[in-house]
Amino acid sequence: MTVILDGKALANKMQANLANEVADWKSKGYRIPKLVVILIGEDSASKVYVKNKEKSAQKIGFHSVVRRLDEAVSEAELLDIIAEYNQDETVDGILVQLPLPKHIDEENVLLAIDPKKDVDGFHPLNVGKLFVGDPDMHPCTPFGIITLLKEYNIELVGKKVVIIGRSNIVGKPLMHMMLNEDATVTITHSKTKNLKEETLTADVLVAAIGQAEFITSDYVKEGAVVIDVGMNRNSDGKLVGDVDFEDVLPKVSAITPVPGGVGPMTITMLMEQTMYQGRKHCGEESHD
Ligand code: NDP
């Protein structure tokens, strides 16, 4: 029987644990963690993502700040605002919602965030630490994938992992995390020749492509574990993954659904990393 890797259930469990931890801190009079999310402009998808992050942070009991900036904000103004939050000792996590307006250089913004408050894990220092196998802050989507696989005791040591997609936020960091778990990793992309030849060798297949229901059963080895990162709207406007779930389901040993798989884990890892930094910054000695 195929196991459905229930990211929503694990996310709920982890967020409830965080809420208990925060309540415990509060009762002891310690400063509770603070997450600042900076949202620039009116992109509707970004607004939904930020709303969801705010909801989770509030539910857990963090101090949650959403700083909304006009689309026309200059790069210099944005960097000044980040610098203020870097210096503010009550702030544990800073996240700038991507994508940014075209006139703002993404690299400059990511570099400006204090790596110790980089709860999204995109600062080049944190990316480099992951690369050398000494990670501190992780990009949240791949971190959520690894956490979900571990929850279900899915062995990665020596396993053949094939990742489709090489973005900086999913495919590339996941490649390093899988290597750090002692998997053998192949990363593929739009220029890969004979994609199917690669995917059919996968014990664990991760689809992070951005194309609705692209992966059908003929791409998948019997008994494989399939992780679907995609979040796409199909022609009926329904939210679907990069994997044709119904087609692939009978062939695989485990699979993530969309929605309810990787998505809720992504937000949860953001909360975990805020707590992680909070623990460091708000330890026993730092009362309000
Ligand atoms: P990107 O668009 O940045 O990257 C897509 C990758 O897929 C690229 O590397 C691209 O190759 C590759 N690709 C595209 N078409 C093909 C193809 N036909 N064959 C093989 N490879 C192909 O996407 P993201 O990584 O940002 O996101 C991927 C998906 O995951 C999206 O649906 C996104 O919405 C979703 N997502 C979900 C999250 C969650 O929390 N659940 C979080 C982040 C993303 P190339 O590099 O050559 O262009």
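Two strands are taken to pair if DSSP finds at least two bridges between them. In this predicted model, three strands form an open sheet in the order S3-S2-S4, and the pairing is parallel. Strand S3 (63-69) and strand S4 (93-96) are the edge strands of this sheet, each of them pairing on one side only, and neighbouring strands are turned against each other by 15° on average, direction ignored. The pairing of strand S2 (residues 34-40) with S4, in the parallel sense, extends over four bridges, and the bridge partner of Leu35 in S4 is Gly93.

Helix H1 (residues 7-27) packs against helix H2 (residues 44-60) at an angle of about 50°, the axes of the two helices lying 8 Å apart. The contact is made by Gln15, Leu18, Ala19 and Val22 in H1, which meet Ser56, Lys59 and Ile60 in H2; by class, the contact of H1 with H2 has four nonpolar, two polar and one charged residues.

The domain assignment of the protein gives domain 1 (29-114) and domain 2 (140-263), and the C-alpha centres of domain 1 and domain 2 lie 29 Å apart.

The ligand is surrounded by 25 residues, of which Gly165, Ser167, Ser190, Gly210 and Thr266 are the closest. Helix H10 (residues 262-281) contributes the largest share of this shell, namely three residues, and the residues of the shell around the ligand divide by class into nine nonpolar, 14 polar and two charged.

How values were computed
Residues numbered from 1 in each chain as written. Predicted model: local features only at pLDDT ≥ 70, side-chain atom pairs only at ≥ 80, totals over all residues. Domains from an automatic or database assignment. Near = placed C-beta within 6 Å. Nonpolar A, V, L, I, M, F, W, Y, C, P; charged D, E, K, R; others polar. Axes fitted to C-alpha atoms, helices over the stretch in contact; angles between N-to-C directions. Contact = placed C-beta atoms within 7 Å.
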